[in-house]
Amino acid sequence: MKRLILIIIIYVIICFAIPIIFTKRYKVEDKTSKEEEKLISYDYKKYNTIKLLHVKTGKIEELPLDEYLYGVVSAEMPADYEIEALKAQAVVARTYTIYKMINGSKHENADICDDPTCCQAWISKDDRLSKWKVDEREANWEKIVLAAESTKGKIITYNNEPINAFFHANSGGTTETPSNVWGGSGYPYLQVVATVGEDGYSQYSSEVTVTKEELLQKLKQYHQNIEIDFSKDDEIKILEYTDSGRVKKIKFGNVEIPGTEARTVFGLKSAMFTIAINEENITFKVSGYGHGVGMSQTGADSLAKQRK
Ligand SMILES: [Zn+2]
């Protein structure tokens with residue numbers, strides 16, 4: 001009898017508990033049933049107007065969504081990139097925007113702002129045109145408009161929900177998972193993938209050199225008790241890499257920090273780096289530019305050039 005009860009309990013766990021655990025893992029965010037309803041009845045026209053906060057002036061401007069996207073695409077990607085890359089940027093920007101509108105904005109009375117460090121970059125048509133050469137203005141603007149208009153209504157979804165779409169300048173050859181950059185879990189649609197041809201772009205490789213004293217001072221701003229014995233060989237050492245080849249953990253003397261923190265401390269373009277140490281200096285040799293999550297802009301341009 002006891003055995004039978006045990007078997008029934010195990011059966012119940014298999015049927016219910018395990019699927020619940022997996023379902024939670026694959027959900028982007030917990031949502032109320034009201035929000036899920038909104039998603040099921042997703043209607044592009046419903047999100048056709050956006051309230052944009054101009055951070056510098058504090059003014060909120062109401063714009064048709066695609067007109068707003070002209071300003072985002074032209075602020076986020078060079079107009080001389082391939083049209084297919086610009087289209088991809090338009091789809092990513094539109095998805096990010098719709099995701100913000102559905103899942104709630106950080107801003108009161110506005111859906112999104114024009115600060116790239118907060119939401120996504122945006123530039124007005126007049127400002128954009130004034131930064132291009134006179135004879136390129138018309139063709140460039142037409143290309144930007146085409147990228148948004150030819151993808152009208154298109155967003156990226158996962159399980160019928162808009163994804164939280166990220167992008168960066170150059171992945172250094174391999175993209176990163178969000179958990180290695182911001183922690184947490186989820187985002188099953190953002191995986192590590194290799195991109196080819198990114199080494200042909202200026203953002204692919206960079207270097208930062210600091211003296212040993214500068215290195216110590218910069219780290220002291222974050223870790224006051226740090227001590228590094230530069231006479232020892234293994235005092236500065238990469239301890240662990242992520243699956244994408246970025247630095248996960250690095251040791252500086254008695255302190256161990258994530259690669260993403262080293263990126264911030266030393267102003268590195270990405271967390272994909274190697275270190276070279278000589279008598280006086282430490283050099284970080286960096287691949288890629290940005291956090292590496294989601295679409296690589298140079299990767300998109302490279303794939304478009306290869307017609308892939
Ligand atoms: Zn914002």
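**Figure 1. Overview of the predicted model.** Of the 308 residues in the protein, 33% are buried.

**Figure 2. The largest nonpolar core, with 39 residues.** Leu-69, Val-73, Leu-86, Ala-90 and Val-92 have the most contacts inside this core. Two or more residues come from each of strand S1 (49-53), helix H3 (65-76), helix H4 (83-103), strand S3 (112-113) and helix H6 (137-149). The most is given by H4, which supplies nine residues. Both domain 1 (36-165) and domain 2 (169-293) contribute, each with at least three residues. Another core, of twelve residues, lies apart from the largest one and includes Leu-219, Val-247, Phe-252 and Ala-271.

**Figure 3. Helix H3 and the elements that cover its buried residues.** H3 consists of twelve residues and spans 16 Å from its first C-alpha to its last, close to the 16 Å expected at 1.5 Å a residue. Because nine of these twelve residues are buried, H3 is largely enclosed by the rest of the structure. The buried residues are Leu-65, Tyr-68, Leu-69, Tyr-70, Gly-71, Val-72, Val-73, Ser-74 and Glu-76. Their cover includes S1, strand S2 (60-64), H4, helix H5 (125-131) and H6. Within this view, Leu-69 is in contact with Ala-90, Ala-93, Arg-94 and Ala-148, when neighbours within four places in sequence are left aside.

**Figure 4. The open sheet of three strands, in the order S8-S9-S10.** The pairing in this sheet is antiparallel. S8 and strand S10 (255-258) are the edge strands, each pairing on one side only. From one strand to the next, the twist averages 25 degrees. Four bridges join strand S9 (residues 247-252) to S10 in the antiparallel sense, and Lys-249 stands opposite Pro-258 in S10. Helix H9 (residues 259-266) packs on the sheet, where it touches S9 and S10. The direction of H9 makes about 65 degrees with that of S9.

**Figure 5. Phe-230 in the loop between helix H8 (212-220) and strand S8 (236-241).** A residue counts as buried if 20 or more other C-beta atoms lie within 10 Å of its own, and as exposed if 12 or fewer do. Phe-230 has 16 other C-beta atoms within 10 Å, and is therefore partly exposed. Leaving aside neighbours within four places in sequence, Phe-230 is in contact with Lys-212 and Glu-235. Phe-230 and Lys-212 are 18 residues apart along the chain, and 7.9 Å separates their C-alpha atoms.

**Figure 6. Thr-209 in strand S7 (residues 205-211).** With 15 other C-beta atoms within 10 Å, Thr-209 is partly exposed. Its contacts, neighbours within four places in sequence left aside, are with Asn-281 and Thr-283. Lys-285 lies 76 residues from Thr-209 along the chain, and the C-alpha atoms of these two residues are separated by 8.7 Å.

Methods: Residues numbered from 1 in each chain as written. Predicted model: local features only at pLDDT ≥ 70, side-chain atom pairs only at ≥ 80, totals over all residues. Core = buried A, V, L, I, M, F, W, Y, C linked by C-beta atoms within 7 Å. Domains from an automatic or database assignment. Contact = placed C-beta atoms within 7 Å. Expected span 1.5 Å × (residues − 1). Pairing = 2+ DSSP bridges. Axes fitted to C-alpha atoms, helices over the stretch in contact; angles between N-to-C directions.
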